[in-house]
Amino acid sequence: MVESSSTRILVDAGISCRETFKRVRALGGDPCSLSAIVVTHEHADHVNGLVGLARKLKVPFFMTGATHQAWVRSVRDSTGARPDAARIEFFSSGRGFRIGDIEVRPFTIPHDAADPVGFTLHAEGVKIGFVTDLGYVPVSVRDHLRRSDILILESNHDLEMLRGGPYPWSVKQRVMSRVGHLSNEKLAEFFARDYDGSAAFIILAHLSEQNNHPEIARSAAEQALGHRRTLLENRILLAKQSEALEPLRL
Ligand SMILES: [Zn+2]
Ligand SMILES: [Zn+2]
């Protein structure tokens with residue numbers, strides 16, 4: 001969740017409505033004060049809670065047209081019912097839009113979904129970069145992330161753990177592909193070569209429970225950043241699937 005003094009945006013809704021409410025309240029927030037939900041893509045781990053939240057909250061959902069179509073299709077397949085689409089607002093990748101006083105800039109990322117995006121969010125002089133679910137970091141994504149004060153980046157799997165892990169070979173290949181997920185190693189490469197060192201906080205997110213370990217992800221990132229002596233701040237934090245991250249204030 002990203003919050004300015006007047007606007008609260010939830011990026012994706014992968015967990016159930018009840019769990020989302022619980023976590024927002026645990027941080028001292030009021031789920032009913034959410035301004036909007038923005039959706040990166042239609043994979044289940046990003047939209048599982050949407051139907052429930054649509055029923056409970058009268059907030060708009062922002063997604064691209066192609067993501068919406070794919071989402072509607074998948075909800076229909078699993079429940080037979082069309083999700084309540086009354087509050088959908090469409091955006092297109094590459095075109096910024098505003099929710100309250102937060103400016104949202106979506107950009108295309110390489111992932112095997114209909115129209116997946118990452119975001120930068122801008123408010124009160126702070127820039128947040130949010131990218132998970134991408135097979136690699138293209139130059140375009142790197143450029144979008146420049147001068148971010150907070151970065152939320154995928155550190156999905158450790159390559160060796162994935163190779164030796166329980167997934168079937170076809171799934172392993174998908175995860176490792178250019179439209180799969182970002183490994184600790186590829187993220188470390190980004191840190192070592194392409195990252196501009198601007199962020200006070202870096203949050204490692206979308207860690208696989210089977211194919212990664214938080215300490216392995218952290219140490220890969222720290223090592224890569226450690227080679228860049230000019231970087232002073234860059235505090236690394238880990239986002240957990242099971243609980244909410246403490247609020248960050250800049
Ligand atoms: Zn995905
Ligand atoms: Zn995902």
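Two strands are taken to pair if DSSP finds at least two bridges between them. In this predicted model, strand β2, residues 8–11, and strand β3, residues 36–38, are joined by three bridges and run parallel, and within this pair I9 stands opposite A36 in β3. Both strands belong to an open sheet of five strands with mixed pairing, whose order is β1-β2-β3-β4-β5. Because β1 (2–3) and β5 (88–90) each have a single partner strand, they stand at the edges of the sheet, and one side of each is left without a neighbour there.

Of the residues named here, H41 counts as buried, with a relative accessibility of 0%, while D133 bridges the zinc ion (ligand 1) and the zinc ion (ligand 2), the two ions being 3.5 Å apart.

With regard to cysteines, the structure holds zero disulfides. The closest cysteine sulfur to that of C17 is in C32, at 9.4 Å, which is too far for a bond, since a disulfide requires sulfur atoms within 2.5 Å. C32 is likewise in no disulfide, its nearest cysteine sulfur being that of C17. C17 counts as buried at 11% relative accessibility, whereas C32, at 53%, counts as exposed.

Methods: Residues numbered from 1 in each chain as written. Chains lettered and ligands numbered in written order. Predicted model: local features only at pLDDT ≥ 70, side-chain atom pairs only at ≥ 80, totals over all residues. Heavy atoms only, no water. Donors = N, O, S within 2.8 Å, 3.2 Å for Na, K, Ca; no water. Buried < 20%, exposed > 50% of the residue type's maximum accessible area, 1.4 Å probe, protein only. Helix = DSSP H or I, 4+ residues; strand = E, 2+ residues; numbered from the N terminus.
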